[in-house]
Amino acid sequence: MRRTDNQVGISDLYLAYRKAKAEAFHENTHYHAVAFTKFEQDLHRNLTAIQRRLNESDPDWFSSPGFIGDHAYLPKSVDTSKWDSVDEGHFRALDPFDDWETRFNKDRKAATASLRLVIRPTVAFQVVSALWIMRVGHLFDAVLDRNASFANRLRRTGSRARDGSDSSLNLSTPALFSPYFSAYQEWRERGLKSMERGLQQGRSVLAVTMDIEKFYHRVSPSFMLRPSFLKAIGVQLTTSEKTFTARLLLAMETWYAQTPDFDDRPEGAIPVGLSASKIIANVLLAQFDNAVLERVKPLYYGRYVDDIFLVLDATDEDHGATNVGQRLSRALAPLLKLQRNESGPPSLKVVLPYAKDSELVFAAAKQKIFALSSQHGVDLIHYIRAQIRAQSSEYRLLPAVPSSANEMASRALLATPNATLQVDALRKADVVSVRRLGFALLLSDIETYASDLAPGTWKNLREEFYALAQRHVITPIGFFDYFSYVPRIFGLMLACGDMASARAFIDSIVRVALLLRRTTSVGTRKHVVAFELCLEQYCHALLQAGLAAGSARDVAVDVTYLRTIRRLKRINANVQIPNSVETLGRLVKQVLLADWGRRPYKDYWLSHQDSDEPGPPVPEQWAIRRQIRLGAIRKFRRQAAALRTPFWPALAFPTRPIRVDEIPLIAPKVLEDPTLFREAIGFLRGAKVASNERVGFPPPPSDPMLSRFHVPGRKKSSIRVAVTSRETTEAQWKAAATNMHDRSVARYETFNFLINRILRESKRPDYIVMPELSVPLRWALRAARKLATNGVSFLAGVEYHKDRVTGKLRNDCLVSLTTNWPGYASNIVVLQSKFAPAHGERELLRRVLGNRNALFTPTGAQSLPTVYEHRGFFFSILVCSDLDGVRNFEVLGLHERA
């Protein structure tokens, strides 16, 4: 989207809004669910207002704080070293509040608390930020070496633009940036591989990790338009691109001038929490990247924003941080120079000729240097890899929460601060990071329990977790270290109906805030306003989690819910909270329809098929309709899915797009029309399918007695199949038939334990098979997704569930087959229905439901025996009484002989 004029089209703003919304949803520095929800209530008028401001002959939006937004603070860290110096070697496991008071009262010295300045941008400014990336920012991202710079990279189509430049930004996908986790993994893995390769070649290697101190807060963004910078990175901008960039930088200056940091550092800073800031921060170090690669000639150099991972051949002089710093500063002079400190080794200062008003220092305290040689070094790499595998396996397994708070504390490394033995990467050998990871995994499992289980079946387990959080998370130190997890805990409590626990949780946060005011630097006159803004952000985060939780299944937004939400005013009275149940309920519904709810809108859409929900008026301009793909959505719904009319903005501007494996479940006909399947992936996910092979049912063969189902992939020389045996009691069968599924914690944990035990086997199977009516569909789908990440396909008889169109009960086998067909590891899911109920089954259903014909009968391609061809392996599925059909065996037998 490279334009030669300053005019902004309304269709461009619709596209920018979609991307701004997706990025804001995943941003963890500001909480704008309510702002985006309200903005979307009158979307066209609001975007038209932005267009008018941008296209004015003498615009002033970049000098208007009301258009740009204000600032806030987030908790960063608290330093209690002045209390600890007299207690060296003294270990404490005491009540954190009593311990904190005792240590403070020794000499009444306030601990030093650090807060992080962030921007609270308006929705309008976030839209402008996304628009700048689409028009200009992608040009800066394109000059960065993808083998050197890994973080905050824009999503691209993979093809080059017409002018030959690599500026083919993917405008179809909702998000702007590539996923964080995969990029971080690649950054770390490449460094470890280079170390391992060097050691195997008999070299001695030096691994250096370091990061720039207060990076965003000490960079002046004005370097972006300096001729020396543009020349250094080889970017040429048109007049309109320079004008747009200059105005964006002026807006950043306007924002920064209103913050307290401006008095201490008037040179400027990059706003933390704005999408455009990620591009600016990344490209600042482009020349440094090139200099390291050309002059140092490392075995590996990777940068993740301001975190550097450098692997070098070791020399005899590489003893200690000072010598290593001298080696690097000599090679990179004058870009890098030593900066002496009063005590300890020197820091390294980056001096960029085009950014002399920025302060870029690799602080000595954050540098880690590892000298490795011989088999000893290989042993360390293998140990690190083992830790990474252990952590990765937690993500790849189904949830398994310990039964007591004590066991939870051990698993999450909360029982002791000594977590240093768990090293997952060279730069993360620190206690806080490892403990956060352990707690994050535990919380994620608890949240999955909440999604999959009936709240009444596991209340005791939740209470154990809440007690753990109260002891280890809602503490003076936890206020800083676990801030990002606190709203999630609060949302969990509300979604599960644990209102008393939620109110107690808020009261504990109030207690911590009072203690911090009295015992740390945030209570001093200089920082008291900043701390109030920090508490306000805490409140916004908790309110957003509370509104999202109200969208969960079976949650009653009643007076008790309202009273619990309004209790947040005890933390900060400035936060706007609804005054009535009706207002709160309406806002919760709006948040859900804006796809900001605890559950995605797509789940709500599919489970509420009793009425249409068309949403606001559809824009009249065809350019807008094409941009947001409304026609494609309508085609998908009518031709493939026969679904009710959706709230169209939720599908046009999704925060969590429909997944590839979900599309056939929503619209089974895509498996009979490969063009429609590809189109659906394109307009629902904004992605192109990499393979040209066909997936699903091919056109009807000459023999109409048999269906074939094809999923491509690499053939295997041998196939391993794990056949399981799971009991389904008569009570569970009856409960499923009456839509009262047994979703007890005992049954859930038994199911998860079986899957996890199979995954932990040294020889992992290619397929796992479970019997008829053995697992609820929701559990089976989650298991299929997890198994697919492990390269395992899943065939499971799922419990009765209602067909969306006919309302009849379905007795299905879920077939999940792994594939790289879309261009990445995924799975194709199809439900194969039982052809006809067994005689006994029909009679039992008549007794329970009063209807002998209660069971769904498949039609079309799925009404025939099916042969599945998966990665060159052929098999068929017959469900229970289908085995009695001699015709089925004859048809499949003819196929086998053929």
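Reply: Start with Val 118, which counts as buried at 0% relative accessibility. (Buried means under 20% relative accessible area, exposed over 50%, partly exposed in between, with a 1.4 Å probe and protein chains only.) This is a predicted model: local features need pLDDT of at least 70, side-chain atom pairs count only at pLDDT 80 or more, and totals for chains, interfaces and linings use all residues. Residues are numbered from 1 along each chain as its sequence is written, and side-chain values use heavy atoms, with hydrogens and water left out.

Val 118 belongs to strand S2 (residues 112-121). (Strands are DSSP runs of E, at least two residues, and helices are runs of H or I, at least four; both are numbered from the N terminus.) Beyond neighbours within four places in sequence, Val 118 is in contact with Thr 29, Asp 70, His 71, Ala 72, Tyr 73, Leu 74, Trp 255, Val 272 and Gln 537. (Contact means heavy atoms within 4.5 Å.) Take Leu 74 from that list. Leu 74 and Val 118 are 44 residues apart in sequence, yet 7.2 Å apart in space, C-alpha to C-alpha.

Next, strand S17 (residues 826-833). Of its 8 residues, 8 are buried, so S17 is largely enclosed by the rest of the structure. In a regular strand the side chains alternate between the two faces of the sheet. In S17, Ser 826, Ile 828, Val 830 and Gln 832 point one way. Asn 827, Val 829, Leu 831 and Ser 833 point the other way. Both sets are buried.

Which strand does S17 pair with? Strand S16 (residues 812-819) pairs with S17 in the antiparallel sense, over 8 bridges. (Two strands pair if DSSP finds at least two bridges between them.) Thr 819 stands opposite Ser 826 of S17. The two strands form a hairpin with 6 residues between them. In the turn, Gly 823 has a positive phi of about 120°.

Now an open sheet with mixed pairing: 3 strands, in the order S10-S18-S19. S10 and strand S19 (873-876) are the edge strands, and each pairs on one side only. On average, neighbouring strands here are turned by 20° against each other, direction ignored. (Axes are lines fitted to C-alpha atoms, for helices over the stretch in contact, and angles run from 0 to 180 degrees between N-to-C directions.) Strand S18 (residues 866-870) runs antiparallel to S19, and 4 bridges join them. Glu 869 stands opposite Phe 874 of S19.

Ser 707 lies in S10 (residues 707-711). Ser 707 is buried, with a relative accessible area of 5%. Outside its sequence neighbours within four places, Ser 707 is in contact with Phe 697, Ala 861, Leu 864, Pro 865, Thr 866 and Val 867.

Another open sheet has antiparallel pairing: 3 strands, in the order S6-S7-S8. Strand S6 (336-339) and strand S8 (360-362) stand at the edges. Each has a single partner strand, so one side of each is left without a neighbour in the sheet. Neighbouring strands of this sheet are turned by 35° against each other on average, direction ignored. Strand S7 (residues 347-350) and S8 pair over 3 bridges in the antiparallel sense. Val 350 has Leu 360 of S8 as its bridge partner.
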